[in-house]
Amino acid sequence: MASQDLNDHVGEKHHSALAGSHDESGSNSSSYDNIDAIRPDNTGSKSDNVHRIETREKCAKVSADLRRTTSNVLSQVASRITTRTWPEPPPPPDGGINAWTQVAMGWLVIFTTWGWVNSFGAFQTYYTSTLPQSPSTISWIGSVQIWFCLVISVFSGRLLDAGLFLPTFLVGAIIQVLGIFLMSISTEYWSLMLTQGVLTGIGAGIFFTPSLALVATYFNKRRGLAIGLATTGNSAGGIVYPVVVRQLLPTLGFAWTARVLAFINLACLSVVFAFMRPRLPPRRSGPIIDFASFRELAYDGVVAGIFTTSMANYFSFYYIASFGRETLGLSYSAASIMVILINGAGIVFRVIPPIIADRIGPINVMFPVTLAWAIVAFCWLAVDNVPGLYVFTCFYGICSGSFQCLTATTVASITKRLDTVGTRLGMAFSIASFASLTGPPIGGAIQAANGGKFTGAQAWAASMTFIGFICFALVRVHQAGWNPKVRC
């Protein structure tokens, strides 16, 4: 009996030991499972390993779907900041009191900017006789003025599209008028460069392009006529400023002559600030520089044509009076009439070509205008007397005015959205600014290299104009082929 009890007790202990052994084994197995979660290669169970691989594949698939969804959302958000997804702006009124008021204000803007710039020929002749610098060096003042007036357009044009026209205009007007007032107390070359060249150029550049582009947004079928009328301010200013300089300089002196010019600009720009207003809603988003435009052959050709003709144009405007004085022996008073004439001769022809352009297309008009301009430019080589200079100056002014009044219309005609006109016009003018900056000094350097003779510079200017004609001819063929009846 005792032996039986002893065997039962030993059996119970053996069973307990086995049970403990199984529990410990289960605990160790759980521990190993936790390690496998970190190091799956150490697993001892094939089915668990397969399960974990399937789980990882599902997680990877979910992660890829999440990344793909996030990418799609970001792409949609990014696409909304481009100009192509914005709703089309409302159609222009193409007339009415408000629209024509903007044309009148645009006239005053161009009068005080490009009328002022184009009158530098009168100052060029005066500075040549009073400053020790060479004519080529002096011409840098006018070139820098034009360069700033145009290069800032790439930024100021976008400000119009962004709905910031009024503050932009105010800042530019203040800087330009301040520059002219400070110019009145300038007596050295460096001070004239800073005031007349840099300050007035920056000020004009800030408000010129937004104002011209604003006028374009009010018209469609009559856009050429509207901009053509506005650009007559260029010729008017090119007449008024040289006349004021010519009449007041001998009596009032340089300082008060410059102050009178500053007061003229102050009065004109005050009227513009009171009445000029944008029409389109602001386009807050969008690039300052629309690089996609440079993938358009038509845009590239138009910009290249404006660039090459600008180099020749401003050399001719700045040196026509110097040519009369140095080559033909005219007095300062008689030579300054050339500046008035070259600006005033084109005043009527700043209206006629735009009217024709509204019917047949601006590029169709640019094509023959640049050809005629190149022919007239080559005729300068044959001028050897005063009557011939008068005739050449008149015809050159006509061709130049006919071309300049169509530049903004041409750029607008190859722009699909009106709310990008400011940006694309600013880009075109900014590129052309480098031609205006270098054209007069290059021509002056060619003249100096030829011992003061104008022949080489005249031939260079005419050749650049002819290259401009080739550019517009290529654009015409690209847009409409060889069919002369196609409007473009």
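1. Helix 13 (362-379) and helix 16 (455-480) each supply at least two residues of a nonpolar patch. The model is a predicted one. The patch lies on the surface and is formed by Leu371, Ile375, Phe378, Leu381, Phe466, Ile470 and Leu474. Together these residues have about 600 Å² of accessible area.

2. Leu381 deserves a separate word. The relative accessible area of Leu381 is 37%, so the residue is partly exposed.

3. On cavities: the structure holds one of 30 Å³ or more. The largest cavity has a volume of about 280 Å³. Its lining counts 19 residues, and Trp114, Tyr314, Gln404, Thr407 and Phe429 are the closest to the centre.

4. Which elements give two or more residues to that lining? They are helix 3 (97-118), helix 8 (189-216), helix 9 (223-275), helix 10 (297-326), helix 14 and helix 15 (421-449). Helix 10 gives the most, with five residues.

5. Cysteines next. The structure holds zero disulfides. Are Cys268 and Cys471 buried or exposed? Buried means under 20% relative accessible area. Cys268 has 16% relative accessibility and therefore counts as buried. Cys471 has 14% relative accessibility, so Cys471 counts as buried too.

Methods
Residues are numbered from 1 along each chain as its sequence is written. This is a predicted model: local features need pLDDT of at least 70, side-chain atom pairs count only at pLDDT 80 or more; totals for chains, interfaces and linings use all residues. Side-chain values use heavy atoms; hydrogens and water are left out. Patches are made of residues with over 30% relative accessible area and no salt bridge: like charges are joined within 9 Å, nonpolar side chains (Val, Leu, Ile, Met, Phe, Trp, Tyr) within 5 Å. Accessible areas come from the Shrake-Rupley method with a 1.4 Å probe; for residues, only the protein chains shown count as cover. A salt bridge is a side-chain nitrogen of Lys or Arg within 4 Å of a carboxyl oxygen of Asp or Glu. Helices (H or I, at least four residues) and strands (E, at least two) are DSSP runs, numbered from the N terminus. Buried means under 20% relative accessible area, exposed over 50%, partly exposed in between (1.4 Å probe, protein chains only). A disulfide is a pair of cysteine sulfur atoms within 2.5 Å. On a 1 Å grid over the protein atoms alone, a cavity is a set of points where a 1.4 Å probe fits but cannot get out, and a pocket is an open set with protein on both sides within 12 Å along at least five of seven lines; lining residues have an atom within 4 Å of a point. Grid points are joined across faces, edges and corners, and a volume is the space filled by probe spheres set on the points.
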